[in-house]
Amino acid sequence: MGFTADGLNLVVASSVQRDRYGLYEYDPRTDAIGNLIYEHPTAEIMSVSYDYSGAELIAASYLEAGEARTAFLGTLGGELAKATEQAFTGQAISISGLSRDRARATLMASSSGDPGAFWLLDVATGRKVQLARVRPRLDNNRLAVNRTFWVTSADGTEIESFWTPSLR
């Protein structure tokens, strides 16, 4: 999924000796899985985001309740988490870019009832400017919202499920 900050090791999604994928350091010289970087307690990692230089891992994305969610990592990730929580309450965030000075981020914010929009966010102030809507012809007031529920399998495993009812 990328490289560690020192550029010597890889960041990989692995489920070795686990029941779900987590992010790990991987040393290609020794063919060894190293330190756990991040693991969500119930979901598998889908993608990661890095800072402008590509050296610092700032976020990991996963699916929860039928929507993409983001776990922010490290100091910079913490700053982004605070800024996005205030500016985009209740929405799923996907970081697409970060300025060299780390002052501005481009991202997509969406929810199950809103296909979303692309935004420019000032990390320090939380000021946001909409850049473009995703599927602007859709009426967000008429989109169905996911309903999440859990199903227990025959072996007792809890499985997160979701249903999007049709609108009539």
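Two strands count as paired if DSSP finds at least two bridges between them. Strands here are DSSP runs marked E of at least two residues, helices are H or I runs of at least four, and both are numbered from the N terminus.

You're working with a predicted model, where local features need pLDDT of at least 70, side-chain atom pairs count only at pLDDT 80 or more, and totals for chains, interfaces and linings use all residues. Residues are numbered from 1 along each chain as its sequence is written, and side-chain values use heavy atoms, with hydrogens and water left out.

**Exercise 1. Work out how strand 1 is joined to strand 2, and find its place in the sheet.**

Step 1: Strand 1 and strand 2 (residues 10–14) run antiparallel and are joined by 2 bridges.
Step 2: For a named pair, take Phe3, whose bridge partner in strand 2 is Leu10.
Step 3: Zoom out, and you'll see an open sheet of 4 strands, ordered 1-2-3-4 with antiparallel pairing.
Step 4: Strand 1 (2–3) and strand 4 each have a single partner strand, so they stand at the edges, with one side of each lacking a neighbour in the sheet.

**Exercise 2. Find the residues that touch the most other members of the largest nonpolar core, and say where the core comes from.**

Step 1: Buried means under 20% relative accessible area, exposed over 50%, and partly exposed in between (1.4 Å probe, protein chains only).
Step 2: The largest core has 17 residues, and Ile58, Leu80, Phe88 and Leu107 touch the most other members.
Step 3: At least two residues each come from strand 6 (57–64), helix 1 (74–87), strand 8, strand 9 and strand 10 (114–122).
Step 4: Helix 1 gives the largest share, 4 residues.
Step 5: Leaving aside residues up to four places away in sequence, Phe88 has contacts (heavy atoms within 4.5 Å) that include Leu107, Trp119 and Lys128.

Notes: Core = buried A, V, L, I, M, F, W, Y, C linked by side-chain atoms within 4.5 Å.
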